[in-house]
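Here are some friendly notes to read alongside the model. They go through pockets, sheet pairing and aromatic contacts in turn.

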Amino acid sequence: MANITEFGTTAAGAVVQKITLSNADLRVAILSYGAILQSVHLTGVPYDLTLGSDQIADYEGAMMYHGSLVGPIVNRFTDATATLYGQTLSFEKNFLGKHSLHSGAAGLQHKVWAIDAATNDTAQLSLTLADGEGGFPGQRHVTARFTLQDAALRMDVGVTTDKPTFWNVANHSYWNMDGTTNYDGHSLQIVADHFLPTTDEFVPTGEIRAVAGTDMDFNILRPIAPHSPDFDNNFCLGTEAGPLRTALVLQGQSGVTMTVSTTEAGIQVYDHRQLPLHGGGPYRALAIEAQNWPDSPNHPGFPSVVLEAGSLTQTTQWHFGKRT
């Protein structure tokens, strides 16, 4: 059986549990609050590869997106509105007082999930979202299944809805392969020929720009550093979901490497510029969010995030290793 311990209690008095999965290669901790990926240790590496906390209050505060499963819609909705089959839906204006970010207070990241099952290498969590909560139609039942296989962690997120709705979720973990104070010296590769530029308010402009000739071309593994470049953009892996395929490689100076594979059409990279952790500075790690393209309903040329009545599964896999 998996190791399940009490992690803490939310401000509302709900008990949060921690599930520890382990095998010969990985030790991973998942919280029942926000389906948070709280810790990832690779055997032989003496530090955590993801930014986490041992305090539930941090996850209810400034770290609300660290490691969490964000949805029903990750990223932004411009002007906190979107149109679904001719009906304009309104959402919480929690970003700059005008846009919706990560579904606001209705987000999956703020929920205490039920633990359906857990073994040494697998855990499944679930919850039900009420019709209309946060402005989203449909009663939705959500499952998040985490599975270890050798040096890989796989996350399968399933949803069933009784009405057409918007759906686009992503794990929002922050990664540093060296255990250092920032990601300077890391190298990055992204299998994408286009990216989405944003406005000064960090919402997509609607342009789908080729990476060729820009500082966003990462088709070949190359070094990155804070401000080189600045990241808060979606990279376009395709125009629709498909089979699980490699999307991104992040490698530290230590040689520790993470390969991210996904079924989704995009992957967002954010540089942690405004989120210091426990007194540390910004740029400590990269947020890497496998997802569909953001703000899709407000841009006719973007892939749809409409989920018809029925079900959907999206998968992200992280594979870890150390190059010598």
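How many nonpolar, polar and charged residues does the lining of the second largest pocket have?

1. The lining has seven nonpolar, five polar and two charged residues (Ala, Val, Leu, Ile, Met, Phe, Trp, Tyr, Cys and Pro count as nonpolar, Asp, Glu, Lys and Arg as charged, and the others, Gly among them, as polar). Please keep in mind that this is a predicted model, in which local features need pLDDT of at least 70, side-chain atom pairs count only at pLDDT 80 or more, and totals for chains, interfaces and linings use all residues. Residues are numbered from 1 along each chain as its sequence is written, and side-chain values use heavy atoms, with hydrogens and water left out.

2. The second largest pocket holds about 200 Å³ of space. Its lining has 14 residues, and Ala241, Glu264, Asn292, Ser304 and Leu312 are the closest to the centre. Strand 26 (306-307) and strand 27 are the elements that give two or more residues to this lining. On a 1 Å grid over the protein atoms alone, a pocket is an open set of points with protein on both sides within 12 Å along at least five of seven lines, a cavity is a set where a 1.4 Å probe fits but cannot get out, and lining residues have an atom within 4 Å of a point. Points are joined across faces, edges and corners, and a volume is the space filled by probe spheres set on them. Strands (E, at least two residues) are DSSP runs numbered from the N terminus.

3. There is one cavity of 30 Å³ or more, and the largest cavity has a volume of about 60 Å³. Among its lining residues are Asn75, Arg76, Phe202, Asp232 and Gln268. Strand 21 (residues 232-236) gives the most to this lining, with three residues. By class, the lining of the largest cavity has four nonpolar, five polar and two charged residues.

4. Now the sheet: six strands form an open, antiparallel sheet in the order 16-25-24-21-18-19 (two strands pair if DSSP finds at least two bridges between them). Strand 16 and strand 19 (209-210) stand at the edges with a single partner strand each, so one side of each is left without a neighbour in the sheet. Strand 24 and strand 25 pair over five bridges, and Ile267 stands opposite Ala290 in strand 25.

5. Strand 17 is worth a look too. It pairs in the antiparallel sense with strand 20 (residues 222-223) over two bridges, where Leu188 stands opposite Arg222. Strand 17 also pairs with strand 22 (residues 245-251), in the antiparallel sense and over four bridges; here Gln189 stands opposite Val249. Arg222 also lies over the face of Phe218, at 3.9 Å from the ring centre (NZ of Lys or CZ of Arg within 6 Å of the ring centre and within 35 degrees of the ring normal).

6. Finally, the count of aromatic pairs comes to 13 (ring centres of Phe, Tyr and Trp, the last by its six-membered ring, within 6.5 Å; planes under 30 degrees apart are stacked, over 60 edge-to-face and the rest tilted). Trp175 and Trp318 have ring centres 6.2 Å apart and planes at 40°, so the pair is tilted. Trp175 lies in strand 16 and Trp318 in strand 27, so the pair ties together parts that are 143 residues apart in sequence. Both Trp175 and Trp318 are buried (under 20% relative accessible area, with a 1.4 Å probe and protein chains only).

Terms used. Buried means under 20% relative accessible area, exposed over 50%, partly exposed in between (1.4 Å probe, protein chains only).
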